[in-house]
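Good morning. I will go through the nonpolar cores of this chain and then some of its salt bridges. Please have a look at the structure first.

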Amino acid sequence: MAEEILMNWQLGRDRIPRGLVNTPVNMVLRMETSDAFARQHPKTFCDIILAVDTSGSMDEDFGTGGELSKREAVIQAAEAMLDGLDPQDTVSLVCFDSDACEELSGVPAGDRRRVASGLARIREHNGNTNFEAAFAVCRRLLDRLGNPSKKVVFLTDGNANVGDMKKARRTNEELARAGVVVDCYGVGTDYNHQLMREFVSVSNGEAHKLAAPRDAQRLFKASVKNAQQSLIANAVLRVEVPEKMRDVEFYQTTPQQHHVSAPEGVAGGMRIYKVNLSAMTQSHIYNFVLHFSADTPATADMQNMLAGRAVLEYDVPVRGLRTQRAVCVKHLTLGDSPAGEQRRSEVDDMYVTATLIRLEDKKQAAAQKGDWKAVAGFLHEMQRKARDVRRDDLVRDCQSQLDALAKNGRLSQDELNAASQSTSVAQSQSAFKQASGDL
């Protein structure tokens with residue numbers, strides 16, 4: 001295994017009795033950069049592209065009862081973000097409303113006066129909201145940016161009402177293939193958090209709802225720190241599951257939860273799932289949950305059976321290395337009796353919590369169709385699962401939504417956004433390295 005990456009599988013159950021049919025198995029894959037590599041290379045230079053919604057609605061109050069507008073809060077957060085940048089890092093600014101334009105292009109972060117002058121021009125724009133133009137300008141900027149790590153910080157307070165959303169999605173995917181991580185931030189009550197999650201999923205970025213101006217400052221700084229700690233680039237994870245396994249489900253649980261809904265295909269008797277991680281930071285732990293149903297052989301001549309294989313391909317720009325490869329294989333050990341089976345309940349709990357994001361996606365889709373009866377059904381199922389894993393916080397979230405639904409006959413966009421956010425970060429407590437290697 002390559003020395004930069006640590007990978008291991010944890011089984012929810014092992015020494016599984018022989019002769020079982022359609023028995024469920026849960027596995028957790030954990031990946032992180034090695035401590036030795038992180039100590040040797042603690043940070044890298046980065047290019048930050050701020051893509052800021054400058055439509056007319058950004059002049060509205062932030063929504064916290066204060067006098068600060070959304071526009072001014074973003075400017076203040078961007079100015080605070082500069083304190084965490086090194087002089088060799090660069091700042092670009094894309095303002096988008098009815099169209100999009102560059103106000104800063106690869107300006108060294110050390111040139112504070114020039115950067116501050118560019119940020120002030122956020123006040124000069126107005127119009128509608130055009131995501132297509134925003135992503136297109138970000139894509140054109142790439143050819144002029146040369147640092148190893150690249151991050152787009154995308155902020156909006158609404159939905160696109162001009163431009164082609166299909167083209168916006170395609171350009172966002174192009175950014176991901178070029179190794180750019182996109183983080184998305186929503187402010188106010190009118191934006192669509194599910195869409196932000198869709199945007200970030202292709203590059204393994206993060207989506208956050210900004211409830212207060214201080215959230216913008218804190219999260220902008222965190223976005224910069226993650227970019228500076230991204231020394232593993234162009235990372236693509238491939239998880240292979242034997243084709244004979246049934247009812248396969250695959251989820252990413254940290255830094256944020258995503259349901260990897262469909263395999264890329266089948267090759268060599270293995271069903272293949274792919275996740276574009278783009279960049280891996282030095283401080284994050286990347287957890288994935290694999291679930292399947294298996295038949296265990298009845299005869300005693302087999303001591304184990306293949307459960308899954310993970311292959312990570314990546315570059316290490318700081319070492320001039322390309323197409324490195326780390327592999328981790330896991331087998332199920334077979335036992336002779338149920339009494340000898342070993343179980344790890346925390347792995348099973350991670351699976352149950354991961355399934356909430358799939359139900360959240362279905363709930364959000366039903367809400368967009370106005371099918372509030374289906375929304376209530378999904379909420380009841382989510383609440384039951386949350387109780388099973390003793391997540392009282394998630395039980396309360398579901399009950400709050402059910403109460404709002406009973407009172408108003410629907411959920412507001414703000415309520416849907418808050419729910420999407422809370423479910424996506426339901427396992428974020430496991431996203432950062434601890435002194436112990438335990439899950």
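To start with a term, a nonpolar core is a set of buried Ala, Val, Leu, Ile, Met, Phe, Trp, Tyr and Cys residues joined through side-chain atoms within 4.5 Å. Buried means under 20% relative accessible area, exposed means over 50%, and partly exposed is in between, with a 1.4 Å probe and protein chains only.

Two remarks on where the values come from. This is a predicted model, in which local features need pLDDT of at least 70 and side-chain atom pairs count only at pLDDT 80 or more, while totals for chains, interfaces and linings use all residues. Residues are numbered from 1 along each chain as its sequence is written, and side-chain values use heavy atoms, leaving out hydrogens and water.

Now the cores. The largest nonpolar core has 40 residues, and the members that touch the most others are Met7, Met31, Leu237, Leu277, Phe292 and Leu312. Several strands each supply at least two residues of this core, among them strand 1 (5-11), strand 4 (23-33), strand 17 (304-316) and strand 18 (321-335). Strands here are DSSP runs of E, at least two residues long, and helices are runs of H or I, at least four, both numbered from the N terminus.

What does Leu312 touch, not counting residues up to four places away in sequence? Its contacts include Ile5, Met7, Met31, Leu237, Leu277 and Arg325, where contact means heavy atoms within 4.5 Å. A second, separate core has 33 residues, including Val52, Ala78, Met81 and Ala227.

Next, salt bridges. A salt bridge is a side-chain nitrogen of Lys or Arg within 4 Å of a carboxyl oxygen of Asp or Glu. The whole structure has 32 of them.

One joins Arg13 and Glu341, at 2.5 Å from N to O. Arg13 is in strand 2 and Glu341 in the loop between strand 18 and strand 19, 328 residues apart. Are these two residues buried or exposed? Arg13 is buried, at 7% relative accessibility, and Glu341 is buried too, at 17%.

Arg325, which we met as a contact of Leu312, forms a salt bridge with Glu313, with the closest N and O atoms 3.6 Å apart. This pair links strand 18 to strand 17. Arg325 is partly exposed at 46%, and Glu313 is partly exposed at 31%.

The last pair is Arg390 and Asp349, at 2.7 Å between the closest N and O atoms. Arg390 lies in the loop between helix 9 and helix 10 and Asp349 in helix 8, so the pair ties together parts 41 residues apart in sequence. Arg390 is exposed at 56%, whereas Asp349 is partly exposed at 22%.
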